[in-house]
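Subject: Handing over a structure

Dear colleague,

I am passing this structure on to you, and below it you will find an account of what turned up in it. Please read the account with the model open beside you.

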Amino acid sequence: MCDLCPRRCNVSRLSGDRGFCGAVDEVIRISRAALHFWEEPCISGTRGSGTVFFSYCSLKCVYCQNTEISRGLAGADVDVSRLAEIMLELQERGAHNINLVTPTHYVNHITAARDIAKSRGRTLPIVYNTGGYELPSVIKKLRGYVDIFLTDYKYADNEDAKKYSGVSDYVEFADEALEKMVEIAPLKFENVEGCRDDNTKQEIQIMKSGVIIRHLLLPGKLVKAKNILKRLYNKYGDSVYFSLMSQYTPMKNFGINNGVDMSNIDENLLKPVTAHEYNRLISYAERLGVKNAFIQDGSAASESFIPPFDLTGVLKS
Ligand code: SF4
């Protein structure tokens with residue numbers, strides 16, 4: 001019975017039943033496995049992050065930027081041994097890490113694949129790239145399996161979590177899970193020869209272990225974003241990195257199929273974040289004294305940053 005995430009659907013995925021996320025246990029559905037250059041610089045470096053986009057999702061936010069995959073509309077089904085091969089293929093292609101996007105509902109498959117890949121020579125750090133709605137008990141078990149947590153912290157309060165993701169306990173679970181992540185993954189970087197920023201020519205340090213807390217600024221939610229940043233910075237200081245994201249993109253499929261009452265949705269979500277809102281968030285981070293932060297430039301809010309979910313790298317060639 002599946003209780004891998006706080007939804008605790010209690011369905012038998014082994015028998016083919018589906019819970020909220022839509023995944024079953026017999027197969028792993030993946031929509032793309034390729035080098036990805038649009039993560040934070042310490043993750044993408046110059047050679048790219050070896051990114052595996054899993055289909056289905058346990059959150060399915062109404063403003064989801066990857067609707068095609070979160071709803072399971074795109075993807076091909078593979079088994080654990082193929083996932084292990086994908087990890088090794090990404091390593092051979094020069095990736096700096098193996099970056100598992102929306103991994104929560106496949107966590108058991110991932111740990112099994114990681115063991116196989118490790119026995120066959122996988123050495124790259126594993127990145128757990130999550131929406132942050134996690135059971136602390138599951139995160140605890142990832143010690144030794146995951147090196148880097150790239151985790152969203154989406155909401156300042158459960159009122160927004162309920163409105164946009166249909167969960168009334170996001171804050172509690174995100175907080176407890178984040179505590180475990182910080183315990184498991186202390187900050188460590190390494191210098192990689194030839195890894196320099198094209199524009200500044202400065203060396204890029206590649207993350208080997210650590211936690212990056214991402215916050216996607218939603219239109220009209222500046223005050224709440226500041227509250228999140230202040231609270232988490234007061235708690236974790238410079239022992240983590242913050243990634244303040246401006247790339248919110250109103251999507252064509254806004255709100256499909258997520259069980260949220262759409263009559264209650266804020267019209268603000270139909271437009272992008274303004275430069276003014278985002279710049280005020282950055283200024284606020286500076287005033288707080290945040291040293292470890294990534295910010296985005298204005299061009300980030302574009303659907304072109306969403307890769308094609310065309311099964312690249314998924315099936316054996
Ligand atoms: S992983 Fe999927 S089936 Fe399991 S509890 Fe979460 S949403 Fe439900």
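A residue is called buried when its relative accessible area is under 20%, exposed when that area is over 50%, and partly exposed in between, with a 1.4 Å probe and protein chains only. Please bear in mind that this is a predicted model, in which local features need pLDDT of at least 70 and side-chain atom pairs count only at pLDDT 80 or more, while totals for chains, interfaces and linings use all residues. Residues are numbered from 1 along each chain as its sequence is written, and side-chain values use heavy atoms, with hydrogens and water left out.

Salt bridges

Across the whole structure, the search finds 19 salt bridges, each being a side-chain nitrogen of Lys or Arg within 4 Å of a carboxyl oxygen of Asp or Glu. One of them pairs R32 with D310, whose closest N and O atoms are 3.3 Å apart. Because R32 lies in strand 1 (residues 28–36) and D310 in the segment after strand 10 (293–295), this pair ties together parts that are 278 residues apart in sequence; helices (H or I, at least four residues) and strands (E, at least two) are DSSP runs, numbered from the N terminus. R32 counts as buried, at 13% relative accessibility, whereas D310, at 44%, counts as partly exposed.

Another salt bridge joins R214 and E40, at 2.8 Å from N to O. This pair also links distant parts of the chain, with R214 in strand 8 (residues 203–216) and E40 in the loop between strand 1 and helix 1 (41–44), 174 residues apart. Here R214 is buried at 7% relative accessibility, and E40 is buried too, at 5%.

R114 and D115 meet in a salt bridge of 2.9 Å, N to O; R114 is buried at 10%, and D115 is partly exposed at 35%.

Nonpolar cores

A nonpolar core is a set of buried Ala, Val, Leu, Ile, Met, Phe, Trp, Tyr and Cys residues joined through side-chain atoms within 4.5 Å. The largest has 83 residues, and Y63 and F149 have the most contacts inside it. Helix 7 (residues 170–184) gives this core its largest share, nine residues. Another core, of nine residues, lies apart from it and has I43, M207, Y241 and F294 among its members.

With best wishes
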